[in-house]
Amino acid sequence: MKRAIISGATGAIGTALIRELIRNGVEVLILCRESSARKGRIPSDPQVSVKYCDLAGLATLENDTGKSYDAFFHFAWAGTAGPARNDTLLQSDNIRYALDAVAAAKRFGCEVFIGAGSQAEYGRVEGALKPHTPAFPETGYGIAKLCAGQLTRMAASQLGLRHIWVRVLSVYGPFDGENSMIVSTVRKMLAGEEPQFTKGEQLWDYLYSADAACAFRMIAEKGKDGAVYPLGGGKAEPLKNYILALRDAVDPKIELTFGGVPYAPNQVMHLCADIEAVTRDTGWVPTTPFAEGIAATVAWLKEGSSQKELA
C-alpha cells in the first residue's frame, strides 16, 4: 500500500491511523469538512494532504490529485452519540453516504474499501462476538451500520473493489470523543468532581487506538475480500476494573462509589471481540496493556487535549 484515503480522520482511530500510515511510508489523503473544529488534529507532514469534503459531498467528489490511491478507509458518520443515534432519517442518510464513499473509492483508483462498523450491529449478545454472530441491532445507529456494511459490500463487488467491514468495539485513546466513558470520567476526576457509576459488572473489551490503527492498516493490506472482522482487545474484564485503573492513572487517592447509577434499558452486559479471524488473516494482535494506554490518554487530557502531534 503506497497511498490511502481516510474519511472521518479526526477521531481516536482516524488520528492514530494517520500516524500509523506515515510510519509505514504510506501517503495519506484526508477528507475533512472545511468547517471542522477538529481539523487542527491533522498532522502537518509531507506525506499528508487534505481535501475538504463533507459527507454530502462524497457523491460528487472527483479525483483531481493526479494520483491513484490503494485503500479507502471510511470512518465518517453523522449522529454517533446521544439522541441522534436513533434519528432514523439521519442514520439512513449515513447509509447513502457510505455508498457514495465506495463510488468515490473507485474514482480515486482504490483497490480496497474498508468500512468502520460497530459492535452496535450485534445488539445484546452473551459470549464473544464472531464474524458470523447473528446481528440484531437495537438502535438506529446499529441498524444503519449493519445495512451500510451489507450494501457497501454489494456496491464494492459491482465496482470490482475488495470490501472489508470492521465492527469496532470500545476503542480509547488520545482524541477520543468527549462523551466516551473514559474521557468524561477522567475529565471529571481532573476537575475534582465525583463521577457516578453503575455497579460496573459489565464485562467489557477495550482496545487502544494505536493498536486499532495498526489493525486497520494490516486489514487493508492482508484482509480477505468480503470479510467481517470484530475488532477489540480479545478479552473482557468487569468495567469496574477499567475504572479503577483509570482512577489510578489520575490519582490513586480518589475515592470511587459504584452502584449509584442504574443500568440503562437494554444495557449491554457482555462485550468481547473474538479476534481469531483478523489475527489469522493478517497477523495482527493488540500489544498495548490497558494501564499503558490509559496513562497516555490521561497525559493527553492533562495537557488540555492539545493538538500537538503525538510521538
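This is a predicted model: local features need pLDDT of at least 70, side-chain atom pairs count only at pLDDT 80 or more; totals for chains, interfaces and linings use all residues.

Reply: Residues are numbered from 1 along each chain as its sequence is written, and side-chain values use heavy atoms, with hydrogens and water left out.

Me: At what angle do α2 and α3 pack?

Reply: Axes are lines fitted to C-alpha atoms, for helices over the stretch in contact, and angles run from 0 to 180 degrees between N-to-C directions. Helices themselves are DSSP runs (H or I, at least four residues), as are strands (E, at least two), numbered from the N terminus. Here α2 (residues 88–107) and α3 (residues 140–159) pack at about 25°, their axes 9 Å apart. α2 is therefore roughly parallel to α3 (angles under 35 degrees).

Me: Which residues of α2 and α3 make the contact?

Reply: Contact means heavy atoms within 4.5 Å. Among those involved are I95, L99 and V102 of α2, and A144, A148 and L151 of α3.

Me: Where is F175 placed, and what is its phi?

Reply: F175 is in the loop between β7 (170–172) and α4 (181–190). Its phi is near 70°, a positive value in a residue other than glycine. F175 has 1% relative accessibility and so counts as buried (under 20% relative accessible area, with a 1.4 Å probe and protein chains only).

Me: What about N266?

Reply: Phi of N266 is also positive, near 60°. N266 is in the loop between α6 (239–250) and α7 (276–282). With a relative accessible area of 46%, N266 is partly exposed (between 20% and 50%).

Key: Angles under 35 degrees count as roughly parallel, over 145 as roughly antiparallel, 65 to 115 as roughly perpendicular and the rest as oblique.
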